Amino acid sequence: MIPSSMERVPSSTAPEINREIRQETRQNLADIVADGRVAINDRLAELEREWDIERLLECNASSLAFTGVALGALVDRRFLILPALVTGFLFQHAIQGWCPPLPILRRMGFRTANEIEEERQALKIARGDYREVAATTNNKLAQLDQILAAVRKR
């Protein structure tokens, strides 16, 4: 069975690494929230710039494939094995959520987009961003519209 997009990387990562990433995120949240609103704002700005593991893998794979093609065209055709391997690994990652660099990158602390977004939303809640979303109406669709508007404007 093919794992969902949100679960591909965590399900292909050793449980202790997933646990370490969650613990580090939790500790970061505790420290930042304790430091107050300015620290939360600073961290949210950092999170906007953080590369998730998918982006890093895509950048790495395209760089290696391009390098292999250039070396294959200019130096020796045997270098064309590099883009063949890299694109195969990228395809494997797209299907299974695993590829050879993944365990190394996860041990280095690179997170999924979902893991980054969880921290971002936790910080926004701690900052009080969603207080304006009150049950001002009994209409469930109107409440959902309020929630989505609040999330989008952050």
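By class, five nonpolar, four polar and seven charged residues make up the lining of the largest pocket in this predicted model. The volume of this pocket is about 230 Å³, and among the 16 residues that line it, those closest to its centre are Ile21, Arg22, Asn114, Glu115 and Glu118. At least two lining residues are supplied by each of helix H2 and helix H7, the latter spanning residues 113-127, and H2 gives the most to the lining of the largest pocket, with a contribution of six residues.

Helix H2, which covers residues 15-35, also packs against helix H3, which covers residues 37-49, with the two axes coming within 5 Å and crossing at roughly 135°. Because angles over 145 degrees count as roughly antiparallel and those from 65 to 115 as roughly perpendicular, H2 and H3 are therefore classed as oblique to each other. On the H2 side the contact is made by Asn28, Ile32, Val33 and Asp35, and on the H3 side by Arg37, Ala39, Ile40 and Arg43. When these residues are sorted by class, the contact of H2 with H3 comprises four nonpolar, one polar and three charged residues.

Note on methods: Residues numbered from 1 in each chain as written. Predicted model: local features only at pLDDT ≥ 70, side-chain atom pairs only at ≥ 80, totals over all residues. Heavy atoms only, no water. Axes fitted to C-alpha atoms, helices over the stretch in contact; angles between N-to-C directions. Helix = DSSP H or I, 4+ residues; strand = E, 2+ residues; numbered from the N terminus. Parallel < 35°, antiparallel > 145°, perpendicular 65-115°, else oblique. Contact = heavy atoms within 4.5 Å. Nonpolar A, V, L, I, M, F, W, Y, C, P; charged D, E, K, R; others polar. 1 Å grid on protein atoms, 1.4 Å probe; cavity = no way out; pocket = protein on both sides within 12 Å on 5 of 7 lines; lining within 4 Å. Points joined across faces, edges and corners; volume = space filled by probe spheres on them.
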